[in-house]
Structures are given as C-alpha cells and as structure tokens.
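Subject: Handover of a protein structure

Dear colleague,

Please find below the structure that I am handing over to you.

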Amino acid sequence: MALRALLLASALAAALAACGGGEREGIPDWLNQTFSDGTVTIRYPEGWATDAESRFGSSVGDSESTTSAFVAVQYLPSRDYASGPEFGELARELLKPPAGEGTRLLRTQAARIGGRPGFEAAVMYSTIPGTPLGPTLRVFGIELESGRVAVLIFGAEDPFAHRTQLAWIKRSITWNEAA
C-alpha cells in the first residue's frame with residue numbers, strides 16, 4: 001500500500017512538473033505576461049509583443065517564432081446580430097482584407113470565454129488574391145453586461161505550431177468589470 005501511494009505521488013509530481021508545477025488558477029507559468037484594457041485581461045507568453053493599433057484592434061502577438069500568431073480584441077457598441085450565422089457574416093466583414101481579396105465563413109457555433117456567452121465564427125482569410133486560400137481565423141463575439149460586444153480574434157499562420165499557446169491563452173481570459 002505504501003509503495004502504491006509513493007508511485008501515485010511520484011506520478012503526480014511528474015505531471016505537475018511537466019505542465020509548470022507553479023500554475024496559478026490552472027494557468028501555466030509560461031503565460032507570464034499580461035495585457036489588460038480595463039475590460040479584458042489576456043495572459044500571454046514572454047516574447048510576444050503588444051500592439052495597441054493593429055488592424056484588428058489591440059493585440060498580443062508572437063514576435064519570436066518563424067510563423068506568426070496573434071490574439072486581438074476590439075469592441076462593438078452593441079449586439080446587432082440575432083444568431084450565430086449573422087455573427088458569422090459580421091465576422092467576415094470585420095476581417096475583410098484591406099485589398100478586398102475576401103473571406104469565407106466556414107462555420108459558427110455557440111461559445112463561452114471567461115464564463116461569458118457568445119458566438120464563435122471560423123473564417124478563412126484570403127491572403128492570395130483571387131483564391132480563397134489563407135489562414136483560418138477564429139472570431140469570438142462575447143456579450144458584455146454593459147451591452148457592448150467584445151470581439152476576440154485568434155489567428156495563426158501555422159495553427160499547429162501555435163495551437164497549445166492559443167488554447168491556453170483563450171482559457172486565461174478574464175473579464176475585469178461588469179463589462
């Protein structure tokens with residue numbers, strides 16, 4: 001029985017060490033930087049940079065890897081869509097590339113971030129003129145108590161290279177006010 005308890009304790013210690021034994025509130029230690037605009041707080045890894053004026057709103061992005069990734073936030077004054085598909089069309093318009101190459105809505109679904117309800121739209125962002133080819137951006141419309149809508153955009157040039165980081169960043173998001 002003592003050997004079994006020792007093995008279980010060893011396995012638990014190894015698991016904690018593998019994921020950052022000092023995790024705060026279930027968030028890994030490597031998310032050690034913080035962006036906050038008074039409404040939302042986003043934790044992100046060291047080596048990522050902030051940009052208050054990115055094309056998609058205030059953002060944090062990977063400035064060290066060979067492929068880029070980012071999380072951006074902007075706000076709409078009110079919810080002006082009635083359903084997931086309507087939010088998907090709004091997301092397409094918000095993401096429209098400057099040169100007008102276009103976007104393609106892949107899907108919409110209900111979503112929650114930081115305990116708040118909303119919608120998620122997956123949108124193909126065309127980077128090659130005349131084709132629908134490009135990265136898939138995930139756009140979340142999260143309803144705030146103030147009536148505004150927080151639009152969070154997650155993008156990665158190589159989704160497989162950044163999927164773990166983006167998933168943990170999404171889990172780390174908290175709302176600071178009765179937004």
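Seven strands, in the order β3-β4-β5-β9-β8-β7-β6, make up an open sheet with antiparallel pairing. Strands β3 (48-54) and β6 are at its edges; each has a single partner strand, so one side of each is left without a neighbour in the sheet. On average, neighbouring strands of this sheet are turned by 20° against each other, direction ignored.

Please note that this is a predicted model, in which local features need pLDDT of at least 70, side-chain atom pairs count only at pLDDT 80 or more, and totals for chains, interfaces and linings use all residues. Residues are numbered from 1 along each chain as its sequence is written, and side-chain values use heavy atoms, with hydrogens and water left out.

Some terms are needed from here on. Helices (H or I, at least four residues) and strands (E, at least two) are DSSP runs, numbered from the N terminus. Two strands pair if DSSP finds at least two bridges between them. As background, strands of a sheet pair through backbone hydrogen bonds, either parallel or antiparallel.

The protein contains 3 helices and 10 strands, and its elements follow the order α-β-β-β-β-β-α-β-β-β-β-α-β from the N terminus on. Of its 179 residues, 40% count as buried (under 20% relative accessible area, with exposed meaning over 50% and partly exposed in between; 1.4 Å probe, protein chains only).

Tryptophan 48 stands opposite aspartate 62 in β4. A further hairpin leads from β4 to β5 through 6 residues, with 4 bridges between the two antiparallel strands; glycine 61 has phenylalanine 70 in β5 as its bridge partner. Of the 6 residues of β4, 5 are buried, so this strand is largely enclosed by the rest of the structure.

Elsewhere in this sheet, strand β7 (residues 116-125) runs antiparallel to strand β8 (residues 136-143), and 7 bridges join them. Glutamate 120 has phenylalanine 140 in β8 as its bridge partner. Helix α2 (residues 84-95) packs on the sheet and touches β5 (69-76), β6, β7, β8 and β9 (149-156); its direction makes about 50° with that of β7. Contact means heavy atoms within 4.5 Å, and angles run from 0 to 180 degrees between N-to-C directions, the axes being lines fitted to C-alpha atoms, for helices over the stretch in contact.

There is also an open sheet of 3 strands, in the order β1-β2-β10, with antiparallel pairing. Strands β1 (33-36) and β10 (174-175) stand at its edges with a single partner strand each, so one side of each lacks a neighbour in the sheet. Helix α3 lies across β2 and β10, at about 150° to β2.

Which strand holds threonine 103? Threonine 103 lies in strand β6 (residues 103-113). With 13% relative accessibility, threonine 103 counts as buried. Its side chain makes a polar contact of 3.2 Å with that of arginine 92. A polar contact is a pair of N or O atoms within 3.5 Å; within protein, one must be able to donate a hydrogen and the other to accept it, and residues adjacent in sequence count only if both atoms are side-chain atoms.

Yours sincerely
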